[in-house]
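I opened the notebook to look up how the chains of this complex touch one another. Here is the model I worked from.

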Amino acid sequence: MKPAGKRSNAPIFWSLFGAGGMLAALIGPMLVFITGIAVPLGLVLPADAMSYPRMLAFAQHWIGKGFLFAVVALFLWHAGHRIYHSLHDIGIHAGMGARLACYGLAMLGTVLAAWWLLAIGF
Amino acid sequence: MADVAETRKFIEIEVLRYRPEQDSEPFLQIFEVPFTDDMSVLQGLQYIKDYLDGSLSFRWSCRMAICGSCGMMIDGKPRLSCKTFLRDFHPGRVRVEALAHFPIERDLVIVMDDFIDKLESIKPYIIAKEPRTLEQGEYLQTPAERDVYEQFSSCINCLLCYAACPQYGLNPEFVGPGIMALLHRYNVDSRDGGAAQRMDVVNAEEGVFNCTAVGYCSEVCPKHVDPANAVNQNKTLSAKDYFLRFVTPKGGAR
Amino acid sequence: MNTPNPRRPYVRPMAGWWRRNPFFVEYMVHEGTALFVAAYAIVLLVGLLRLAQGEAAWNGWLDALKSPLSVAFHLILLAAIAYHCWTWFRIMPKTMPPIVVRGKRLPPGAITGCGLAVAAVASLVLLGLVWGMTR
């Protein structure tokens, strides 16, 4: 009988994956529709719905800031974790390399999102 | 009345053979087997062994889907050969291979040492929460308490879920679906107090987080155990303990 | 007398495993939706940069979103992320503790249905909020 191995740190990444996956499942399709289809084509919503003053005000408000940060960061962590496992699935067991590529890029995106949201000001 | 011999139906059974003392790798061999509509794939194999090639090796025992011995890949899917019927493949050919993701010992017999080792590691028995003496009588349980674990206790160790789990195939260190179902069966039993010991297996790098929720294990389970549910419920439990172990008084799992 | 061990277990390769079963093909497809979720996050991330850079930069980003190529790309994103939504809630009954309502376990279909209903409501609330704020 073999003893149980070292404790896994996966809960950190799995939790972010789960949170991002849930957010993407709940509002992902509608967000894509709003920002990528409805507003650019002037469907349903007014064509100036994402005008500069409006989006600036939204991104300067703490609720808007928090929402934008959560969406960008959690979507990235969700995707990073899933892609990391998919690489393993297709036989790329790059270990630290794959981990850095997937989680590293999610972390980079998170930092950039935070930086630019702070640059937008309050 | 038609001649019995004329109405006799035949089916081709293609078997993945491997004889370690003479074959460098497995190969497919086709047998033509007479069958009737009530014959299982297992009975087809028994016909081959009795009348066509006595060297064919496979495991079986009860012939009624409860011993868990005769799991095989049938037409590429993990199934119990006693519970799968030749008529469903006729007039086509049916391919039978050893369970996927396990090393082949010989023909359709797999090496299951890894599973047995893991089974031992989870202490698959009730570790009494409050030990009782004979005089105190039995350990009582309400139907609702029983309902929590009953489905998981239906596992017959047939290993179909392992043959359905690509994560186990990719990394045999992974504890896997069936063992997690059994572990969960004891952990959620109201009479049991051994969860803390078993959670070490759940939390380990070889534990539940290797699962990517493919879900095929639960699809192929002949006993509707839903091992995927056991694995994924324990991801939540393990993650909770991972984050809360520093703030909960007893450190959760330990 | 020492006899050589006749055991020589044969380990089959895993290469191409996901092509062996339609169930696995579908798994790879729904795992693949992660690429589209990542792509959309990057589109939004660029938007944040453009917003931080000022009005001209932001308007450039908005114009880029209006190009037919961008709209087509977002239609693909929409399909992929909607598929993610469906598969996310489809697997949910297998990932959750059982929910007992009036002594009976909620069937898998009901859990998936609830998840999809919550997603529909959340999406409509989001659309309603945006509509209300931009009208």
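**Entry 1: chain B against chain C.** I began with polar contacts, and across the interface of chain B and chain C I found 16 residue pairs, both residues at pLDDT 80 or more. I took a polar contact as a pair of N or O atoms within 3.5 Å; within protein, one must be able to donate a hydrogen and the other to accept it, and residues adjacent in sequence count only if both atoms are side-chain atoms. On the chain B side that touches chain C, strand E6 (104–106), helix H4 (143–150), helix H6 (166–170), helix H9 (216–220) and helix H10 (227–244) each supply at least two residues. I read helices (H or I, at least four residues) and strands (E, at least two) as DSSP runs, numbered from the N terminus.

A note on the ground rules: this is a predicted model, where local features need pLDDT of at least 70, side-chain atom pairs count only at pLDDT 80 or more, and totals for chains, interfaces and linings use all residues. Residues are numbered from 1 along each chain as its sequence is written, chains are lettered from A and ligands numbered from 1 in the order written, and side-chain values use heavy atoms, with hydrogens and water left out.

I then looked for salt bridges (a side-chain nitrogen of Lys or Arg within 4 Å of a carboxyl oxygen of Asp or Glu). Chains B and C share 3 of them, and one joins B:Glu219 to C:Lys94 at 2.9 Å, N to O.

In contact terms (heavy atoms within 4.5 Å), chain B brings 39 residues and chain C brings 22. The buried area is about 2500 Å², with 52% from carbon and sulfur atoms; I count it as the accessible area (1.4 Å probe) that two parts lose on being put together, summed over both.

**Entry 2: chain C against chain A.** Here 49 residues of chain C contact 51 residues of chain A. They bury about 4500 Å², and carbon and sulfur atoms give 79% of that. In chain C, C:Leu48, C:Leu51 and C:Trp88 lose the most area to chain A, together 14% of what that side buries.

Which side chains form the salt bridge here? I found C:Glu31 and A:Arg82, at 3.1 Å, N to O, and the count for this interface is 1. Polar contacts come to 11 residue pairs, both at pLDDT 80 or more.

Entry 3: I checked UniProt, whose unreviewed entry lists residues 12–39, 59–79 and 100–118 of chain A as "transmembrane region". In the model, residues 12–39 are 100% helix, with end C-alpha atoms 36 Å apart. Residues 100–118 are also 100% helix, and their end C-alpha atoms lie 26 Å apart.

Notes:
UniProt positions renumbered as here; feature names shortened; annotations may be inferred.
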